[in-house]
Each structure stands twice: as C-alpha cells, then as structure tokens.
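Here is a quick tour of a few local features worth a look in this model. Keep the structure open while you read.

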Amino acid sequence: MGINVCIIYHHYPHYRAPILRELKINGEHNYEFWGDVEEISGIKPFTGDEIVEINRLSFRRLGPVWLLSGYWKIFFRSNLKVFIVLGNPNMPASWIIACIGRILGKRVLFWSHGWRRPEPPIKARIRNIYFRLSNKVLVYGERAKSIAAAGGFSEKNVAVIYNSLDFNNSKKILNRISMNKNGNTGKPQNFFEEKKRPLVICTSRLIRSCRFDLLFEAAAELKRRNRPLNILLVGDGPERADLEALAKELLLDVHFFGACYDEEVLGKLIYFSDLTVSPGKIGLTVIHSLTYGTPAITHGDMDFQMPEAEAIIPNVTGAFFERGNYLDLADKIQEWLSRSTDRNLVRDACMAEIKEHWTPQNQRRLIDQAVSQLYAP
C-alpha cells in the first residue's frame, strides 16, 4: 500500500512538474503536495493538473524571511506518516513543521541544497542543529553530503537525490530531431551570417550573477586569436540592454533570442550548438544542455556553484575555468573546440550522464528509497 507522504514547498516551480507526476504515478508511496500556486520572483509555478493536485498554502517574503501559512491542517491528518519539507532555515514554517511533526511521531525529511560550502564553526553548528530537526536530509549532489560529513553531520542521515527536468519529453524531442537532423529549420546557425563558426549558447535569465560579460570578454579574446565565435543567448532579464551595448562595443556576433518556453524550440537550439557556456553559476542549465547532448563550461569554484555542476565531467561532458578569469575561459573554450573527439560521441557521453543520475525517474527512486529507509527494521 505504501506510506502516506506529504511534500510541503513554498511553491513548485514549473520545472518540478515532471518529478511530482513521477512520484504520483510511479512512486512506491502515496504522495500529496502542498504549496502556493502564485508566481514568485518571476518563476512560473506548477499549479497542478489532472494527475497532481496542489493543496493551497500561502507564501510571502518579509526581507530574508520566507513566510508560509495554511499548513496547520496537516498536523490533524493522522494518516500522514512522513513530511518532506523544503529545507530552508530562513523559512520558520520548516522549523515548526519539523518540531511538531517529530513530537507527533511523524518522520521528517528536509529537501534542500543542504551544505554548499564549508562554513565558519558557529554557522556550521547552527546549520547542523537545523538539519538535525529532520530524520534525513535530501540533497542534490554528492558534494553536499561530503561537506556535511566533514562538518560532523552523520552521513547516514543525508541522501543524494540529484535534480531533474522533463527527461521523457526531451527524449521525444531528441527522437524528432534525429529523424530530421539534416533539415535547416530551427537550427541556431541561421541567426548568423557566418554560419560555420563555432556556436556557443546559454539558456538563462540575463542577470548579473550569470556573468555574461566574462563570456563576451572571452569571445573578444578569441577573436583576437583569430578564433571568432557566434553567441546565442536564450532568455531575457535586467542585464539585456547592458549586454547588447557590450556586444556592440566588442564587435561580437551575438544573437539575443529572448525568453523562450517552447521545449521543442529550445531542444533544437541546444542540440545544434557546440557548447553551453555559463560563466557565473550553472544550475539546471547544465542538465538542460547535457540532456540534448551539448557539453557545458562554467567556473570550477564549487563554493560558489550550484550542485548540478557535478554533472560536468572534465573533458567528457564539459570543462571548468578559473572563476572570474576571462582569459582562462577563452583558453577552455578554445581547447574544447580544438578537440578531435567525434561530436556524436560527446553527445552520447552527455546524455549518458543525465540518464544515469539527473532524471525524474532516478530522483523518484531515490526519494522512495529514503522514505522506505525511515521505516526499515
């Protein structure tokens, strides 16, 4: 019959829909979902569908504090045995749900980035106190588990569940692309006059933390080395005007595609590009890129990275450059583009990394396993 599990988030971003559907359809346990359904910080929410119902909560921010309300009714549901809660210490509700849940005899899991970098002793101690409110912490990457262990947190109470996008839909799109690989419709090279140049893409909001200025400076350096690039930025944001001005100043060939939510279009743009380059942090962008067989380059300072950067295997699925160093970024782009490795072999390696770790199916399996272990004899 499975265990009754309640998953509580501030809201579910639209890209969470596949894992929620996977839990609902194929989960070993009985999952229900609670959260706000309003847009937050420009991120479209998943509001539910015919498969997944989102039970409504109310969320708002008060400075750095995340305020969630409406969750008290879950405590009166005696059939609910496990609470999986967004593990954010700035959200008081997570402390309350964990404490009351444990008092009521429920099992509690925090779903969280967890430990992103080593911290000063006092802050690390507070973080460990917070995460010990739960029975187990679900984290996105192996590095978080290693940092937790190094800081005195029990490894057996940390489970790596990775992250995911809509892998099944991407497989269908990839199949359609492969059937019409030689057709020119939708190929990103069509945006540029010099179509045979290497094409670098990034699908992301145009915000300062993405450091596209570094990409432009690296491209200018490569142009000086007589290795010019075409650059395709798919996304919009507050930095667009400044980036357009910088591209013009540096005489670069940059196409600003704008925001796009059509996965069929995005799949083609990524598949036919040579490289994804995200000079700031890289999160689900790397999963998106590797899913369509395109390797990714980002900086290698993991203290300032997202856990999904672990999908980059140097010289296999991408490369790392020295954070903030555009000359090193230029070197890494040039080195990758100079490789003699067959493009189809690179695609296969990228897709294999995603299939092994970063799919809703694998994520669901690992969440099921973590829940089951709470009741293991």
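Predicted model: local features only at pLDDT ≥ 70, side-chain atom pairs only at ≥ 80, totals over all residues.

As for geometry, two packed helices are described by the angle between their axes and the distance between the axes. Here α6 (residues 212–224) and α7 (residues 240–249) pack at about 10 degrees, and their axes are 10 Å apart. With an angle under 35 degrees as the cut-off, α6 therefore counts as roughly parallel to α7.

## Aromatic pairs

Rings turn up a lot in what follows: the structure holds 17 aromatic pairs. Take Y12 and F33, whose ring centres are 6.3 Å apart with planes at 90 degrees, so this pair is edge-to-face. Y12 sits in the loop between β1 (4–11) and α1 (17–26), while F33 belongs to strand β2 (residues 30–36), so the pair ties together parts that are 21 residues apart in sequence. Both Y12 and F33 are buried.

F191 and F257 are edge-to-face too, because their planes are at 75 degrees, with the ring centres 5.7 Å apart. This pair links distant parts of the chain, 66 residues apart: F191 is in the loop between α5 (167–179) and β10 (199–203), and F257 is in the loop between β12 (253–256) and α8 (263–271). F191 counts as partly exposed at 35% relative accessibility, and F257 also counts as partly exposed, at 27%. Then there's a cluster, where ring pairs link W95, F110, W115, Y130, F131 and F153.

## Charges over rings

Which ring does the charged end of K44 sit over? That would be the ring of Y261, with the charged end 4.8 Å from the ring centre. R323 lies over the face of F304, at 3.9 Å from the ring centre.

## Two positive phi values

Most residues other than glycine have a negative phi, so a couple of spots deserve a second glance. Y162 isn't a glycine, yet has a positive phi of about 60 degrees. Y162 is placed in the loop between β9 (158–160) and α5, and is buried, with a relative accessible area of 10%.

N226 isn't a glycine either, and its phi is positive at about 65 degrees. You'll find N226 in the loop between α6 and β11 (230–234). Is N226 buried or exposed? It is exposed, with a relative accessible area of 64%.

Conventions:
Residues numbered from 1 in each chain as written. Heavy atoms only, no water. Axes fitted to C-alpha atoms, helices over the stretch in contact; angles between N-to-C directions. Helix = DSSP H or I, 4+ residues; strand = E, 2+ residues; numbered from the N terminus. Parallel < 35°, antiparallel > 145°, perpendicular 65-115°, else oblique. Phe/Tyr/Trp six-rings, centres within 6.5 Å; stacked < 30°, edge-to-face > 60°. Buried < 20%, exposed > 50% of the residue type's maximum accessible area, 1.4 Å probe, protein only. Lys NZ or Arg CZ within 6 Å of the ring centre and 35° of its normal.
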